[in-house]
Structures are given as structure tokens and as C-alpha cells.
Amino acid sequence: MSSVKLRLLAAAVAKSCYGPALSYDVVTKLANDAKLGESQAHAVVAAIRWVLESAAGAVVAAGVLDSELQQLGLPKEHAAALTKVYSDHHHELLRRLHDTSLKVGGDISWSCKVVGVSVGGNQKAAVQLSLQGGQPPTGPPTTLTLTPAQLHALIHELTEARQLMESVH
């Protein structure tokens, strides 16, 4: 595949990371021009997506990405084409990764309510936790029902995890 075709394909993949879905027609045309089979075209798209999202997630400088791609054996022209696309779409990729992240600052909504659960004819108290991610919310929320003992264990384990994470930073 020529570096020009790679750049066109990489630009389409980059746009699909934060915008509308990747057009199958674009991939097919570029793959046919490069005499790639369908499975090879899917592999190229997956590799490009992985490189762009991983580089953006690690906030890699364009020069470093170019150098690393060349060290991995990519021809200079191909590495330059991917690096140019990465530079052009870096901010949009970062914004999309931030919006879909579960880290602090991501758009996560949660709710908690006390519910009654019937166990063997007896009404027992339980806590129902719901977590909804994404803007706008996509799919149903993740819901978890816990007994008081399970809730205390969860709080204890989350507290330990937070302390461990804070000790690392």
C-alpha cells in the first residue's frame, strides 16, 4: 500500500474514532487499489486504529511516534503519513478518549437506592447501585443489588484500592 493510500485510510480511521462510523466503501476502494484481501484490509484498519488511539491515550509527541514506527520497521514515508494523520486528529482523539474514560472527569452518572428484596417470604433490605456512562447515555445502566454486608465489603475494598492508587501517585 502506498503512503498516500495509507494516509487516506488513516484519516478515515481517525475520523471514525471520534465521529461517524468508518465507511466500508472507502476501505474497500483503498484495499482494492492496494490489492489487499478483505481480512488484510480489516487488519490494516485495526492496526491503524490501535496505533492512533494508543498514541493519543499516552499523549505521545508526533516526532516520537514517527521515530517509534520507523524503529518497528515501517518505511519512513508510511510512518510520516501516520504521524501526519495523528498530528491532524490528535485533539479530537484525546477529547473522545477523555469523554469515554471512566477516570475522574468522565461523564459518569450513578444512583443509589434502598430496596426491599423478598427472600423466602421475608422482606430484606438491600441497596441497588446503578452506573451509567457516556454522553449521551448508551445502553441500559449497569445495576447491582447488594446486601448490607456486601455493601460494607465493597466500600472496604474500594477504600483500600483508592489508598493503593494514591500511594502510587
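Q: Why is Leu131 called partly exposed?
A: In this predicted model, Leu131 has a relative accessible area of 41%. Buried means under 20%, exposed over 50% and partly exposed in between (1.4 Å probe, protein chains only), so Leu131 is partly exposed. Its place is in strand β2, residues 122-133.

The model is predicted, so that local features need pLDDT of at least 70 and side-chain atom pairs count only at pLDDT 80 or more, while totals for chains, interfaces and linings use all residues. Residues are numbered from 1 along each chain as its sequence is written, and side-chain values use heavy atoms, with hydrogens and water left out.

Q: What makes Ser130 buried?
A: Ser130, also in strand β2, has a relative accessible area of 18%. This value is under the limit for burial, so Ser130 is buried. Ser130 touches Ser109, Trp110, Ser111, Thr142 and Thr143 (heavy atoms within 4.5 Å), not counting residues up to four places away in sequence.

Q: How do Cys17 and Cys112 stand against the accessibility limits?
A: Cys17 has a relative accessible area of 9% and is therefore buried. Cys112 has 45% and is therefore partly exposed. The structure holds zero disulfides (pairs of cysteine sulfur atoms within 2.5 Å).

Q: What makes the pair Asp33 and Lys5 a salt bridge?
A: The closest N and O atoms of Asp33 and Lys5 are 3.3 Å apart. A salt bridge needs a side-chain nitrogen of Lys or Arg within 4 Å of a carboxyl oxygen of Asp or Glu, so the pair qualifies. The bridge links distant parts of the chain, with Asp33 in helix α2 and Lys5 in helix α1, 28 residues apart. Asp33, at 37% relative accessibility, counts as partly exposed, and so does Lys5 at 26%.

Q: How do you know that Lys29 and Asp33 form a salt bridge?
A: Their closest N and O atoms are 3.2 Å apart, which is within the limit, so the pair is a salt bridge. Because they are four residues apart in helix α2, about one helical turn separates Lys29 and Asp33. Lys29, at 52% relative accessibility, counts as exposed. Lys5, Lys29 and Asp33 are linked in a network of salt bridges.

Q: Why is Lys84 said to form a salt bridge with Asp88?
A: The closest N and O atoms of Lys84 and Asp88 are 2.9 Å apart, so the pair meets the criterion. Lys84 and Asp88 are four residues apart in helix α5, which means a separation of about one helical turn.

Technical notes. Helices (H or I, at least four residues) and strands (E, at least two) are DSSP runs, numbered from the N terminus.
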